[in-house]
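Subject: Structure handover and notes

Hi,

Here is the structure I promised to pass on. Have a look at it first, and then read on for my notes.

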Amino acid sequence: WGRFDTRSGEDGGFRIGGLAPGELELSASEPGATSRFARSESLVVQAGTRGIVLRVEPAASLAGRLVAGAAPFAGDADLLICRSDGTLPVEGLTMRRVRGGTFDVGGLGAGVWGVGVTTRDGRVGVLGGITLAPGQRRDGLVVQLEPGAELRVRDGLGEALAGSTISVHVDGACLGWNGVAPGAVATFQVPGGRLRVVAVSDGAVVAEATVDVLAGEVAEVVLE
């Protein structure tokens with residue numbers, strides 16, 4: 001397994017050499033913190049293939065603020081953005097540290113997105129169903145923070161979950177993206193409600209579970 005990077009020329013053409021025979025997964029993205037274009041779709045091709053076309057589109061963005069009750073939230077928080085069209089495994093994960101209670105995230109592709117927010121004092125917020133067209137900017141989004149709960153995800157499959165990544169989903173948003181060692185526990189900050197817990201390995205779902213959680217409690221679910 002290896003990763004190969006190259007830069008395209010002014011005409012958009014690119015070449016990657018020195019590859020062993022076999023399948024490759026290719027995608028294109030614009031370097032830099034502020035991207036004018038979203039990451040392209042991924043294509044699986046054979047080494048040595050010519051005439052490959054990777055299509056990019058103008059990047060979309062979303063911006064908003066965090067609110068706790070009726071007051072603006074001015075502290076720091078962790079924000080996780082992912083596509084929320086319901087397909088698994090989840091794609092397009094973007095993690096950001098929010099400072100001062102506002103967020104502004106660019107470089108996103110067209111589609112439906114969800115925002116999950118966690119704070120250091122245990123509050124959680126989710127906002128799903130954010131539809132973006134190519135190049136569109138969505139301003140004025142508001143994520144309401146509420147007292148959260150702690151969810152402990154335990155590995156009940158042993159080696160079957162080795163190398164997997166665990167994520168928690170609710171209302172079109174994703175909260176957390178952690179690994180878990182065999183027999184160990186991964187901990188997540190979550191909102192109260194019905195949650196979907198998913199383990200993904202090599203691009204495929206290997207285990208999932210649904211759990212109901214109350215705000216303020218410590219709950220546990222076993223993936224088996």
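In these notes, contact means heavy atoms within 4.5 Å. Please keep in mind that this is a predicted model, in which local features need pLDDT of at least 70 and side-chain atom pairs count only at pLDDT 80 or more, while totals for chains, interfaces and linings use all residues. Residues are numbered from 1 along each chain as its sequence is written, and side-chain values use heavy atoms, with hydrogens and water left out.

**Ser 167**

Let me start with Ser 167, which lies in strand S12. Helices (H or I, at least four residues) and strands (E, at least two) are DSSP runs, numbered from the N terminus. Is Ser 167 buried or exposed? Ser 167 is buried, because its relative accessible area is 1%; buried means under 20%, exposed over 50%, and partly exposed in between (1.4 Å probe, protein chains only). Leaving aside neighbours within four places in sequence, Ser 167 is in contact with Cys 174, Gly 176, Trp 177, Arg 196, Val 197 and Val 198. The side chain of Ser 167 also makes a polar contact with the side chain of His 169, at 2.7 Å. A polar contact is a pair of N or O atoms within 3.5 Å; within protein, one must be able to donate a hydrogen and the other to accept it, and residues adjacent in sequence count only if both atoms are side-chain atoms.

**The nonpolar cores**

A nonpolar core is a set of buried Ala, Val, Leu, Ile, Met, Phe, Trp, Tyr and Cys residues joined through side-chain atoms within 4.5 Å. The largest one has 21 residues, and those with the most contacts inside it are Leu 151, Val 153, Val 190, Leu 195, Val 197, Val 213 and Leu 223. At least two residues of this core come from each of S11 (149-155), S12 (165-170), S14 (185-190), S15 (193-201), S16 (204-213) and S17 (218-223). S16 gives the most, with four residues. A second, separate core has 20 residues, including Leu 108, Val 115, Val 117 and Leu 132.

**Sheets and strand pairs**

Strands of a sheet pair through backbone hydrogen bonds, either parallel or antiparallel. Here, two strands pair if DSSP finds at least two bridges between them. Three strands form an open sheet in the order S14-S11-S17, with mixed pairing. Its edge strands, S14 and S17, each pair on one side only. S11 and S17 run parallel and are joined by six bridges; Val 153 has Val 221 in S17 as its bridge partner.

Strand S8 (residues 111-119) is mostly covered, with seven of its nine residues buried. Strand S5 (residues 77-83) runs antiparallel to S8, and seven bridges join the two. In this part, Ala 77 has Thr 119 in S8 as its bridge partner. S8 also pairs in the antiparallel sense with strand S9 (residues 123-132), over seven bridges, and the bridge partner of Gly 116 in S9 is Val 126. S8 and S9 form a hairpin with three residues between them, where Gly 122 in the turn has a positive phi of about 90°.

**Salt bridges**

How many salt bridges does the structure hold? There are nine, a salt bridge being a side-chain nitrogen of Lys or Arg within 4 Å of a carboxyl oxygen of Asp or Glu. In one of them, the side chains of Arg 137 and Asp 104 meet at 2.8 Å, N to O. This pair links distant parts of the chain, with Arg 137 in strand S10 (residues 137-147) and Asp 104 in strand S7 (residues 102-108), 33 residues apart. Arg 137 is partly exposed, at 38% relative accessible area.

Asp 212 forms a salt bridge with Arg 194, the closest N and O atoms being 2.8 Å apart. Asp 212 in S16 and Arg 194 in S15 are 18 residues apart, another link between distant parts of the chain. Asp 212 is partly exposed, with a relative accessible area of 48%, whereas Arg 194 is exposed, at 57%. Salt bridges that share partners also join Asp 104, Arg 137 and Asp 139 into one network.

Best wishes
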